Amino acid sequence: MPITYTWTATSLIGYPVFDGETDVVTRACYTVLADDGEGHTADYSNFAYTPLDPSVPFIPYADLTNEIIIGWVQYNIGPDLIAAIQGSLAIQVERQVTPPPEPEVLPLPWVPPTPPEPVPPAPTPEIPVTL
C-alpha cells in the first residue's frame, strides 16, 4: 500500500511586533506522519524563517493556515530535504511492516572453535536378577 505523508504545523514562534507588523511568525515546528495502513511513524522538526523576505507580502497571523505554514517550510527546506525526510520515514514504516532479521553473535573467525564438552553416558538402570 502506498505511504501517505501528512505534514502538520505543531507550533509557531515569533515576535509580537517586528518591522511594524504584529504577531510575526519566524519559526514553525512541524511533524511529518508517514502511514501506509499497516505501519506508521513520524518525524518532528522546526524551521526558522530568517531573515524575513520583504518581497513576499505579509500574511496576518489570523489568516495563517496549516497549508500556508507547511508551504513555507517545504519551500525553504527544498525538494532534496523533503525527499530525505520522507525516504527515512518510508524505511521506518517498512521495518515495522517487515522487520529485518535479528542479528546474531558470530564466532570470531581467528579463534578456533571450542570442542563441545563430552556428554557422559547415561546410567544404565540396574535390573534385578532373579535365580
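Asp19 sits in the loop between E1 and E2. Its phi is near 50 degrees, a positive value in a residue other than glycine. Asp19 counts as exposed because its relative accessibility is 69%, and the cut-off for that class is over 50%. These values come from a predicted model. Asp23 belongs to strand E2 rather than to a loop. Its relative accessible area is 40%, so Asp23 is classed as partly exposed.

Confidence in the prediction was examined by residue and by element. The mean pLDDT of the protein is 88. A value of 70 or more is reached by 96% of the residues. Strand E1, residues 4–18, has the highest confidence, with a mean of 94. The lowest confidence falls in strand E3, residues 40–48, where the mean is 84. Where pLDDT is low, predicted coordinates should not be read in detail.

The strands form an open sheet. There are 3 of them, in the order E1-E2-E3, and the pairing is antiparallel. E1 and E3 stand at the edges, each with a single partner strand, so one side of each has no neighbour in the sheet. On average, neighbouring strands are turned by 20 degrees against each other, direction ignored.

The two pairings can be described in turn. E1 and E2 run antiparallel and are joined by 13 bridges. Within the sheet, Ser11 stands opposite Cys29 in E2. E2 and E3 also run antiparallel, and 9 bridges join them. Thr31 has Tyr44 in E3 as its bridge partner. A hairpin is formed by E2 and E3, with 4 residues between them. In its turn, Gly37 has a positive phi of about 90 degrees.

H1 lies across E1, E2 and E3. Relative to E1, the helix runs at about 145 degrees. Glu67 is placed in H1. Its relative accessibility is 62%, which means that Glu67 counts as exposed. Glu67 and Thr8 are 59 residues apart in sequence, yet their C-alpha atoms are 8.3 Å apart in space.

The largest nonpolar core contains 17 residues. Trp7, Tyr30, Val32, Tyr49, Val73, Ile77 and Ile85 touch the most other members. Two elements give two or more residues to this core: strand E2 (21–35) and helix H1 (66–97). H1 supplies the largest share, 8 residues.

Which residues does Trp7 touch, not counting residues up to four places away in sequence? Its contacts include Tyr30, Thr31 and Val32. Trp7 also touches Asn66, Ile70, Val73, Gln74, Ile77, Ile82, Ile85 and Gln86. Among these contacts, Tyr30, Val32, Val73, Ile77 and Ile85 are also named with Trp7 as the core members that touch the most others. Thr31, touched by Trp7, is the residue bridged to Tyr44 in E3.

Technical notes. Residues numbered from 1 in each chain as written. Predicted model: local features only at pLDDT ≥ 70, side-chain atom pairs only at ≥ 80, totals over all residues. Heavy atoms only, no water. pLDDT = per-residue confidence, 0-100. Core = buried A, V, L, I, M, F, W, Y, C linked by side-chain atoms within 4.5 Å. Buried < 20%, exposed > 50% of the residue type's maximum accessible area, 1.4 Å probe, protein only. Contact = heavy atoms within 4.5 Å. Pairing = 2+ DSSP bridges. Axes fitted to C-alpha atoms, helices over the stretch in contact; angles between N-to-C directions.
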